[in-house]
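Please read it alongside the sequence and the coordinates shown here.

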Amino acid sequence: MKQAERNLVLLLSDMKGFTARTSGQTREENARMLALHDALLLPVVRGYRGRKVKGLGDALLAAFDSPTDAVLCAMAMQDRLAAWNSKAPVGERIEIRIALSQGEVRSSRGDLHGEAVQLALEAEARAEAGEVLLTDAVYLSMNKTEAATEVVGEILLHGSGRIRLRRAVRGADPRAPYGGRALARLGRLSNPARAVRLRMATESALDFARKRIVWAAAALLLIAAAAGEHVSSGIGNDPFARAEALLESREPLAALVELDRLADSPRAQDAEVQIVRGKAEHALGQLGPAFADFAAAVKQDPRALDDGAISALAELLDSEAFPAVWRPALLKLLGEQVGRAAAPAVRRLLSSERAPARDDALHVLELSGSATNADRIAVARADLRDPRISCAARRSAVRRLTAAAGSEAEALLARAAEARACGSVEARDALRRRQGAKVAER
């Protein structure tokens with residue numbers, strides 16, 4: 001249920017080298033690593049009165065009412081990891097980067113939305129392992145005596161404007177780069193090793209229960225197959241081949257059961273296996289895991305995705321259920337790595353009922369070099385017809401038309417100029433400039 005907007009400070013963190021590490025570890029090792037990550041960091045978040053909004057793999061999004069608490073929490077998180085890493089074996093060391101932003105956000109379906117979320121993503125993309133970056137809004141609101149900061153750059157806003165970016169100053173002690181004072185305020189924290197053991201035991205019990213349910217479902221499928229109502233038995237003993245056939249027969253749950261047979265083999269990390277797994281997860285509505293598997297396949301082989309996988313990725317652009325924190329990575333994957341091959345599937349979203357999906361689809365086309373004048377006009381037309389669109393989005397649509405050539409763009413500018421709504425002034429200015437250019441050409 002949608003709630004009123006609130007002014008919050010957001011903390012976004014992710015782990016350095018997460019994708020590379022997970023691709024070289026077993027599922028159990030990956031689960032243990034994430035359990036250790038949470039055991040080390042979540043007590044710090046709670047200690048500074050923050051609340052975890054969500055965690056997606058190595059990414060953690062937390063919210064705070066106090067800017068000072070958020071900054072101190074980030075420093076304490078980095079200090080705790082530094083202290084842990086100084087004693088831990090190489091395989092158990094964890095390094096993260098952290099970004100903080102502040103602004104009005106709205107809560108919907110357990111997620112947060114608003115400019116502050118986007119700013120946190122933009123800042124986090126600029127952070128290095130061990131760093132704490134914060135926007136100027138956080139800096140201006142916090143108690144500046146608690147943490148020294150330095151200016152490191154700016155974030156350019158979509159449309160116009162910029163926001164200054166700061167970094168918390170680190171000291172020379174590698175075991176306590178932020179001085180250890182923020183961490184010391186929390187007193188003695190729980191033993192992470194004990195928390196990891198407890199979580200792994202719980203996960204093991206839950207996994208056993210889930211497998212019983214899955215295998216029961218698979219047994220029913222096998223009974224149906226024996227009766228001639230399902231997949232043919234002529235596909236041999238290859239779990240991958242059976243998974244493909246089951247997926248083709250619209251049985252994604254059974255397909256995942258077959259792929260689980262490969263979990264302990266090197267083949268589990270093959271691009272073709274990850275693509276089939278991603279398709280099955282997508283069909284079951286497991287959008288985050290589906291994206292992760294598709295992305296892992298592309299990392300191995302940029303040409304690995306077939307039309308079905310590309311279509312599934314494009315559908316994520318139009319899904320409100322897809323985690324917002326992963327959306328920038330999705331845009332980059334489709335636009336830069338899949339490239340022009342994604343254009344046909346993505347272009348269908350230019351007429352979506354959802355304005356964010358239209359904008360994201362055009363962004364992917366621009367990144368891949370596939371965007372046309374007609375594409376830009378199509379999005380601008382849909383935006384100007386959308387009664388729910390924001391004032392900023394209407395102005396953005398007018399700017400797109402201003403840059404577009406042809407009589408259709410000019411006709412849409414004329415309608416926008418007559419509408420006496422947001423963007424009408426910009427539309428009239430654009431029409432005057434066009435008219436002036438025509439006169440000059442004569």
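Predicted model: local features only at pLDDT ≥ 70, side-chain atom pairs only at ≥ 80, totals over all residues.

Strand β1, residues 6-15, is largely enclosed by the rest of the structure, because eight of its 10 residues are buried.

**Strand pairing**
- β1 pairs with strand β3, which covers residues 59-64, in the antiparallel sense and over five bridges.
- Within this pairing, L10 has A63 of β3 as its bridge partner.

**Crossing of helices α10 and α12**
- The axes of α10 and of helix α12, the latter formed by residues 307-317, come within 10 Å and cross at roughly 45°, and the two helices are therefore oblique to each other.
- The crossing of α10 and α12 is left-handed, and the contact is made by I275, K279 and H282 on the α10 side and by G308, A309, A312, E315 and L316 on the α12 side.

- H282 lies in helix α10, which spans residues 271-283, and has a relative accessibility of 17%; because buried means under 20% relative accessible area, H282 counts as buried.
- When its neighbours within four places in sequence are left aside, H282 is in contact with L287, A290, A312, E315 and L316, of which A312, E315 and L316 belong to the α12 side of the helix contact.
- The side chains of H282 and E315 are joined by a polar contact of 3.4 Å, and both residues take part in the contact between α10 and α12.

Note on methods. Residues numbered from 1 in each chain as written. Heavy atoms only, no water. Buried < 20%, exposed > 50% of the residue type's maximum accessible area, 1.4 Å probe, protein only. Helix = DSSP H or I, 4+ residues; strand = E, 2+ residues; numbered from the N terminus. Pairing = 2+ DSSP bridges. Polar contact = N/O pair within 3.5 Å; in protein donor to acceptor, adjacent residues only side chain to side chain. Contact = heavy atoms within 4.5 Å. Axes fitted to C-alpha atoms, helices over the stretch in contact; angles between N-to-C directions. Parallel < 35°, antiparallel > 145°, perpendicular 65-115°, else oblique. Left-handed = near helix turned anticlockwise from the far one by under 90°.
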